[in-house]
Amino acid sequence: MPELPEVENARQVVEKALDRTITEIDDHDEYECRPHRPGEIADALVGGRLTTANRRGKAMWCETETADGTPGPSLGVHLGMGGRIIVTAPDGENSSNYGGGNAKVGVREKDKPEWTRFSMTFDDGGQLRLFDKRRLGRVRLEPDIDALGTDAAEMDRDEFRTMIAASAAPLKARLLDQNAISGIGNLLADEVLWQSAISPSRRAKTLDVDEADELRRVLRRCTRAAIRKGGVHTGEIIPFRHADASCPRCGAPMKRGTVGGRTTWWCSKEQS
């Protein structure tokens, strides 16, 4: 499942689609575009444009403007397990230098046409496409984001302290609670806790103020690094989340268990 860094990278790609007039939308996939019927998203957005690309945690959405310049419905896009956003350049521009995604994804010989679950064509000849082989993504109008907690990359020190101190749950479970803090997934949580040398099973409210502040600093550092490098899979501990692996910092065996309902890996010595 994409986590905050992957969704932020996708949001940056979507920014290439802003302020371009929408001339056509293919929203035929009733599962990916549920609960909308085919043509419903197109009817709402064709002739208008995307004005902003936003993100909170793992949620991404665009504000829109109609053809007459009035605010339109927001458009939510969820990547699912492996969806990718591709935004192609206007006709006549070099897509390889455009920076909006690989224009060949979804139209290569090995890619089935139906794997492009949603597409938006602009008057300049470019497109925004959601390529989703596993069909686990989602495109919908007016997505509900009100239940999400503060974005993990934006939570300030006092709010983070309060969020940690308010829970007796295992620390990893607390970090994964999207209502408390949004954007942290399984891999990022393991990375942050390993870098902090804190047990994922430790009760959240047992952290003192200094430990909570340090955890927040590590979270911000890990998040920024993952965004810069292209995703949470680039974390330092991620290659060592497997049987017979050793901690790359101290050499102790890595341990595996379930915390907060998720498969978890930690250093048997430094995170005991």
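User: Is Arg134 buried or exposed?

Analyst: Arg134 counts as exposed because its relative accessibility is 54%. The scale behind that word is relative accessible area with a 1.4 Å probe and protein chains only: buried is under 20%, exposed is over 50%, and partly exposed lies in between. Before we go on, a note on sources: this is a predicted model, in which local features need pLDDT of at least 70 and side-chain atom pairs count only at pLDDT 80 or more, while totals for chains, interfaces and linings use all residues. Residues are numbered from 1 along each chain as its sequence is written, and side-chain values use heavy atoms, with hydrogens and water left out.

User: Thanks! Where in the structure is Arg134?

Analyst: Helices (H or I, at least four residues) and strands (E, at least two) are DSSP runs, numbered from the N terminus. Arg134 sits in the loop between strand E7 (127-131) and strand E8 (138-141). Although Arg134 and Trp115 are 19 residues apart in sequence, their C-alpha atoms are 7.9 Å apart in space.

User: And what does Met81 touch?

Analyst: Contact means heavy atoms within 4.5 Å. Leaving out residues up to four places away in sequence, Met81 touches Met1, Pro2, Arg134 and Leu136. Met81 belongs to the loop between strand E4 (75-78) and strand E5 (84-87), and it counts as partly exposed because its relative accessibility is 36%.

User: How do I read helix packing, for instance the angle between H1 and H6?

Analyst: Axes are lines fitted to C-alpha atoms, for helices over the stretch in contact, and angles run from 0 to 180 degrees between N-to-C directions. Helix H1 (residues 4-14) packs against helix H6 (residues 209-229) at about 45°, and the axes are 8 Å apart. Angles under 35 degrees count as roughly parallel, over 145 as roughly antiparallel, 65 to 115 as roughly perpendicular and the rest as oblique. H1 and H6 are therefore oblique to each other.

User: Which residues make the contact of H1 and H6?

Analyst: H1 brings Leu4, Pro5, Glu8, Asn9 and Gln12, and H6 brings Thr223, Ala226 and Ile227. To sort them, Ala, Val, Leu, Ile, Met, Phe, Trp, Tyr, Cys and Pro count as nonpolar, Asp, Glu, Lys and Arg as charged, and the others, Gly among them, as polar. The contact then divides into four nonpolar, three polar and one charged. H1 is also mostly covered, with ten of its eleven residues buried.

User: What about H3 and H6?

Analyst: Helix H3 (residues 157-165) meets H6 at about 115°, with the axes 10 Å apart. Arg157, Phe160, Arg161 and Ile164 of H3 face Val209, Ala212, Asp213, Leu215, Arg216 and Leu219 of H6. Here the residues divide into six nonpolar, no polar and four charged.

User: How many residues are in the largest nonpolar core?

Analyst: In soluble globular proteins, nonpolar side chains tend to be buried together. A nonpolar core is a set of buried Ala, Val, Leu, Ile, Met, Phe, Trp, Tyr and Cys residues joined through side-chain atoms within 4.5 Å. The largest one has 28 residues, and those with the most contacts inside it are Ile41, Leu50, Leu75, Ile85, Phe118, Met120 and Leu128. H1 gives the most to this core, with four residues. A second, separate core of 25 residues includes Leu188, Ile198, Leu215 and Val232.

User: Why is helix H5 described as largely enclosed?

Analyst: Nine of the eleven residues of H5 (residues 186-196) are buried, so the rest of the structure largely encloses it. Those buried residues pack against helix H4 (171-176), H6 and strand E12 (262-267).
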